[in-house]
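Hi,

Here is the structure I promised to pass on. Have a look at it first, and then read on for what turned up when I went through it.

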Amino acid sequence: MFSNDNVDIGSLDVIFHRMIETITNSKNDIFIISEQSRRSFEEMQAELEIIKQQIKILINESDILETRTKIAKQRLVEVSRFFDKYSEEQVREAYESANDLQIRLSLTRSEEKRLREKRDDLERRLRVLYDTIQRAEHIVNQVNVVLNYLTSDLKNVSAALEKAKIKQEFGIKIIASQEKERKRLSREIHDGPAQMMANVLMRSNLIERTYKERGIDAAIKEIAELKVTVRDALSEVRRIIYDLRPMALDDLGIVPTLKKYLSTVMEYNEGVKIHFQSYSNEKRLPSDYEVSIFRLVQECVNNAMKHGKALEIWVKIEWLANSVNILVKDNGKGFDKTSVKDQSFGIIGMRERIDLLKGTMDIQSNIGKGTIVSFKVPFPDDELELEKLK
């Protein structure tokens, strides 16, 4: 516990700003190391792909040379056995042919062995480099959590110290929720746009080779496919930016924001139809509640499309006197609850959100019969008091 009688707010501010500066500089250094490692990783991946292609070519050459060498040796055996039947020129030709093929086969196998060793070495280095990148990203994520916590939530600490006592769990819950959110965002960027752009980089390097080896038609086809990948990456980036926080939520409330969000989802996912209904009059709730409700619906819709492969989704909100009920239903492939249970990262995240809101969640799903997720969120105590006064 803190007492505002023994806390020097001015000293706290000085320490706070110095700490922010130090952490920011450290984060930037780690980020630079991470990006340099990622570039090296991509270059090594491209080199590895080239070596694999070269090994394939050498294997084919080796098989052909081995067959030809066997034939040449059989010819040499025949010439040697019936030496009197063949001229000196024919004997010399048979010997030289067999010897030449044997040398070429030996050189080819030697080169193949060298490339295999180089391939294995590159794969080992890639694994080590990948682990380094993962650790660097993890550290950057942790530093970002600390920075965001310090720069956003602790700005009001001075005032809070002067007004009242602070519960220890407050800071812990903020750190935990922000860390999960940033891990989710980091994973989405790494698995989505980052992978797509790495693919764009590799394929763009292959276009010139495609043009030389297979002609302009094949190169044009490769460029067309590359455009599709770039367009998908752009859509994914826009979705992630919108997911960070819909600006309309603070101004318009949960219902208009959900309508806009679901409309955007249908726009970027051709063939998906989402039905939205809101019953009774919407009530404005504290920002944390509205954000949490939005995230719960968002997670359900994303799961329905990504995992359930649903083409039709229903979202319903029912406003009651003391609570709000949310239902998200889809016609996707569903899942077996006995095998998935509650160990999925998405389900764990939703349960933690609903627990913070003191609400309840129920999931019904069967393979081939879609999924139904329902939430009940009670209004916060201060909102209920306002309703009683009305």
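Predicted model: local features only at pLDDT ≥ 70, side-chain atom pairs only at ≥ 80, totals over all residues.

You'll find Thr229 in helix α5, which covers residues 216-244.

The average pLDDT of the protein chain is 78, and 78% of the residues reach at least 70. Over residues 161-171 the pLDDT stays under 50, and the model has 13 contacts for them beyond four places in sequence. Residues 385-390 are also below 50, and that stretch has one contact in the model beyond near neighbours in sequence.

Now the sheet. Five strands make up an open sheet with mixed pairing, in the order β1-β2-β3-β5-β4. At the edges are β1 and β4, each of which pairs on one side only. From one strand to the next, the twist averages 10°. If you want a pair to look at, β3 and β5 run antiparallel and are joined by eight bridges. Ser323 faces Pro378 of β5 there, standing opposite it. Helix α7 lies across β1 and β2, and runs at about 170° to β1.

Then there is the packing. The largest nonpolar core has 39 residues, and Val301, Ile313, Val315, Ile326 and Phe375 are the ones with the most contacts inside it. Several elements give two or more residues to this core, including α7 (254-268), α10 (345-356) and the strands β1 (273-279), β2 (312-319), β3 (323-330), β4 (360-365) and β5 (371-378). The largest share, 10 residues, comes from α8, the helix at 287-306.

Leaving out residues up to four places away in sequence, Val301 touches Tyr261, Leu262, Val265, Ile274, Ile313 and Val315. Apart from this core there is another one, of 11 residues, with Phe41, Met44, Leu115 and Leu122 among them.

That's what I have for now.

Cheers

Terms used:
Residues numbered from 1 in each chain as written. Heavy atoms only, no water. pLDDT = per-residue confidence, 0-100. Contact = heavy atoms within 4.5 Å. Core = buried A, V, L, I, M, F, W, Y, C linked by side-chain atoms within 4.5 Å. Buried < 20%, exposed > 50% of the residue type's maximum accessible area, 1.4 Å probe, protein only. Helix = DSSP H or I, 4+ residues; strand = E, 2+ residues; numbered from the N terminus. Pairing = 2+ DSSP bridges. Axes fitted to C-alpha atoms, helices over the stretch in contact; angles between N-to-C directions.
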